[in-house]
Amino acid sequence: MSDVPAFARGLCDDAAVFPPGLAPLADAVPAHRRHRSAPYAALVGPLVLPATALDQLYPLVAGDPLDLSITAPNGPAQAARAVAAAADLPVAVHAVEVAVPTGMTAADLLCGLERIDVPVFVEVPRDERRPAIIAALGEAGHRAKFRTGGVHANLYPAPDELAAAVLAAVRAGVPFKATAGLHHPVRNTDPETGFHQHGFLNLLLATDAAMHGAGAAEVAAVLADRDAASIAARVAGLGEARASFARARFLSFGTCSITDPLTELAALGLLPASLLKEDA
């Protein structure tokens, strides 16, 4: 049995090559393999790479197949091409993460995704199309991806906006992941940028609340909570079954560092310190 508790299994997708980490691909691939063989391997999801990186990947993936999630910021057509290109590589594509081009409707999006035969995460735009796209994802059995931060303050949705997205996904039966800005377990203000960053444990608890009937105000309040001790105690109190239930909707988040979340979760008493030893 893994020492990684239910709330954390597969929680952290390895987005090392994306900002702010920007690891070179030649470093990110062997680092990901080390993570997947470490005592905390059960916490680690696939390596997330942009579609444009596939051409550089072949000489780096000799040996065991590499688990990938591929991002396609240009939309469904790019995603379909990336999946086809990956078929010639020793990789296992667990998902593609597809952005929605400006002006593309929910109906056109679904048509564009029909040729893709791996799980799809759709990065839901923060505009008037969001409700229709989330509803369409639920009907088609696709997944959502919510952007929770970035390099500018306006890329961080306020708690009420993120709460509305979580509630919409839960009510439509749409599993989702989060990307960008989730640098710490608990909501905080970055001392260098002044950005108000969401916490990935807040997002887990907000999902749990939404799945147990909470309304928009309550879900937003959970997202806004900065009390680390309280948040940690609530996560610890979820238990195996309830944590797994919430994680069936909140699938993962992308992080440019696997070890930073691990270290902070151990400091909160939510992971055993023994997992920090890669050679254990």
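Modeller: Two strands count as paired if DSSP finds at least two bridges between them, and the elements themselves are DSSP runs, helices (H or I) of at least four residues and strands (E) of at least two, numbered from the N terminus. The model is predicted, so local features are given only at pLDDT of at least 70 and side-chain atom pairs only at pLDDT 80 or more, whereas totals for chains, interfaces and linings use all residues. Residues are numbered from 1 along each chain as its sequence is written, and side-chain values use heavy atoms, leaving out hydrogens and water.

Biologist: Which strands close into a barrel, and in what order?

Modeller: Strands of a sheet pair through backbone hydrogen bonds, either in the parallel or in the antiparallel sense. Here eight strands form the closed barrel, in the order E1-E2-E3-E4-E5-E6-E7-E10, and the pairing is parallel. From one strand to the next the twist averages 30 degrees, where angles are taken between N-to-C directions on a scale from 0 to 180 degrees, with axes fitted to C-alpha atoms and, for helices, over the stretch in contact.

Biologist: Where is E10 joined to E1, and by how many bridges?

Modeller: Three bridges join E1 to E10, and the two run parallel, with Asp14 standing opposite Thr255 in E10. E10 also pairs with E7 over three bridges, again in the parallel sense, and there Lys177 is opposite Ser252.

Biologist: Are the residues of E7 buried or exposed, and which way do they point?

Modeller: Burial is judged by relative accessible area with a 1.4 Å probe and protein chains only: under 20% is buried, over 50% is exposed, and partly exposed lies in between. In strand E7 (residues 176-179), Phe176 and Ala178 point one way while Lys177 and Thr179 point the other way, and all of them are buried. Strand E10 (residues 250-255) has five of its six residues buried, so it is largely enclosed by the rest of the structure.

Biologist: At what angle do helix H5 and helix H7 pack?

Modeller: Two packed helices are described by the angle between their axes and by the distance between those axes. Helix H5 (residues 159-172) and helix H7 (residues 216-224) pack at about 120 degrees, with axes 8 Å apart. That angle makes H5 oblique to H7, since under 35 degrees counts as roughly parallel, over 145 as roughly antiparallel, 65 to 115 as roughly perpendicular, and the rest as oblique. The crossing of H5 over H7 is right-handed, a label used when the near helix is turned clockwise from the far one by less than a right angle, anticlockwise being left-handed. Among the residues that meet are Leu162 and Leu167 of H5 and Val219 and Leu223 of H7. By class, this contact has nine nonpolar, no polar and one charged residues; Ala, Val, Leu, Ile, Met, Phe, Trp, Tyr, Cys and Pro are nonpolar, Asp, Glu, Lys and Arg are charged, and the others, Gly among them, are polar.

Biologist: Which peptide bond is cis?

Modeller: Most peptide bonds are trans, and most residues other than glycine have a negative phi. The bond from Pro19 to Pro20 is cis, with omega near 0 degrees, and Pro20 lies in the loop between E1 and H1. Leu22, in that loop between E1 and H1, has a positive phi of about 50 degrees although it is not a glycine, and Leu22 is exposed at a relative accessible area of 55%. Ala16, also found between E1 and H1, is buried at 12%, and its contacts beyond four places in sequence include Leu22, Ala28 and Thr255.

Methods: Contact = heavy atoms within 4.5 Å.
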